[in-house]
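Please look through the structure below before reading on. The paragraphs after it go from a loop to the helices around it, and then to a strand and the cores.

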Amino acid sequence: MKILIADDHELFLNGLSFILKENINSPELITANSYTEVFNIIKEHNDIDLIITDLAMPGSDWLSAISKIHKSQPETPIIIISAVFDKEILQQTLDIGVSGYIPKTSSNNLIISAINLVLAGGMYIPHDLLHSSTSNTVEKTNNIDILTPLKNLEKTANQTLPSNNKKLTSRQVDIIKCIAEGLSNKQIAHKLNLTEGTIKVHITIILKILNVKNRTSALIEATKLGYLNNNE
């Protein structure tokens with residue numbers, strides 16, 4: 001799995017890199033400390049699985065930068081990790097197409113849980129930002145509610161997806177193709193360098209997107225939609 005992480009604070013960038021290496025199966029990490037570097041990287045790589053970036057970095061204003069990144073990599077989920085705790089900014093990032101917004105004061109477990117949720121096709125938004133009426137800056141970790149503990153990823157991911165949306169992400173297409181090959185969850189996880197738990201969440205979301213109850217029905221529906229007719 002190829003992950004681009006960007007932050008202009010070296011200490012945080014190194015810490016996040018360590019967390020990802022410890023908790024994500026065999027990640028290939030690409031780092032940047034400015035939007036200029038991010039733009040150069042996404043020009044060179046069209047196979048990035050996830051982009052995790054700070055908001056305030058040299059090289060561009062955040063609104064233009066995030067819009068440009070999403071336009072360049074429309075199928076790649078983007079997660080914002082920021083010290084800015086602002087409902088209006090959150091709404092702007094969601095309007096652009098961002099899949100997650102994580103406060104920098106979040107615990108390691110929360111960060112990994114949120115990343116796993118986004119990789120599974122869901123969306124992570126801090127509870128406080130959903131319900132706060134005023135803008136403020138995060139100063140204490142106890143101000144952050146864990147919206148999505150890892151054990152509840154499947155339930156929350158289901159709640160974030162509309163049942164009538166039958167568009168699969170590129171990662172979900174990879175998984176449905178593996179299912180068509182007759183691979184087990186464990187085999188799919190090994191093939192795609194993901195954890196088995198993440199594969200289970202992906203499959204749950206695929207079933208919901210396709211509005212079916214089992215893997216066989218998912219294959220039939222995916223074939224009808226053209227996902228399994230591609231010989232590439």
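Asn214 sits in the loop that joins H10 and H11 (helices are DSSP runs of H or I, at least four residues, and strands are runs of E, at least two, numbered from the N terminus). With a relative accessibility of 36%, Asn214 counts as partly exposed; the cut-offs are under 20% relative accessible area for buried and over 50% for exposed, with partly exposed in between, using a 1.4 Å probe and protein chains only. Thr204 lies 10 residues from Asn214 along the chain, and their C-alpha atoms are 9.2 Å apart.

The model is predicted: local features need pLDDT of at least 70 and side-chain atom pairs count only at pLDDT 80 or more, while totals for chains, interfaces and linings use all residues. Residues are numbered from 1 along each chain as its sequence is written, and side-chain values use heavy atoms, with hydrogens and water left out.

Helix H9 covers residues 185-192, and its buried residues are Asn185, Ile188, Ala189 and Leu192. Viewed down the axis of H9, these buried residues fall within an arc of 100 degrees, so they line one face of the helix (the arc is taken from the directions from the helix axis to the C-beta atoms). An α-helix has 3.6 residues a turn, so residues three or four places apart point the same way. Lys186 and His190, on the other side of H9, are exposed. The buried residues of H9 pack against helices H8 (170-180), H10 (196-210) and H11 (215-224), where contact means heavy atoms within 4.5 Å. Just after H9, Asn193 has a positive phi of about 60 degrees.

Two of these partners, H8 and H11, also meet each other. Ile176, Ile179 and Ala180 of H8 are in contact with Arg215, Ala218, Leu219 and Ala222 of H11.

Strand E4 (residues 78-82) contains Ser82. At 2% relative accessibility, Ser82 counts as buried. Leaving aside residues up to four places away in sequence, Ser82 touches Asp54, Leu55, Tyr101, Ile102, Pro103 and Lys104.

The largest nonpolar core has 46 residues, and Leu20, Ile52 and Ile115 touch the most other members. Such a core is a set of buried Ala, Val, Leu, Ile, Met, Phe, Trp, Tyr and Cys residues joined through side-chain atoms within 4.5 Å. Not counting residues up to four places away in sequence, Ile115 touches Leu20, Ile24, Leu50, Ile52 and Ile79. Apart from this core lies another, of 25 residues, including Ala6, Val38, Trp62 and Ile80.
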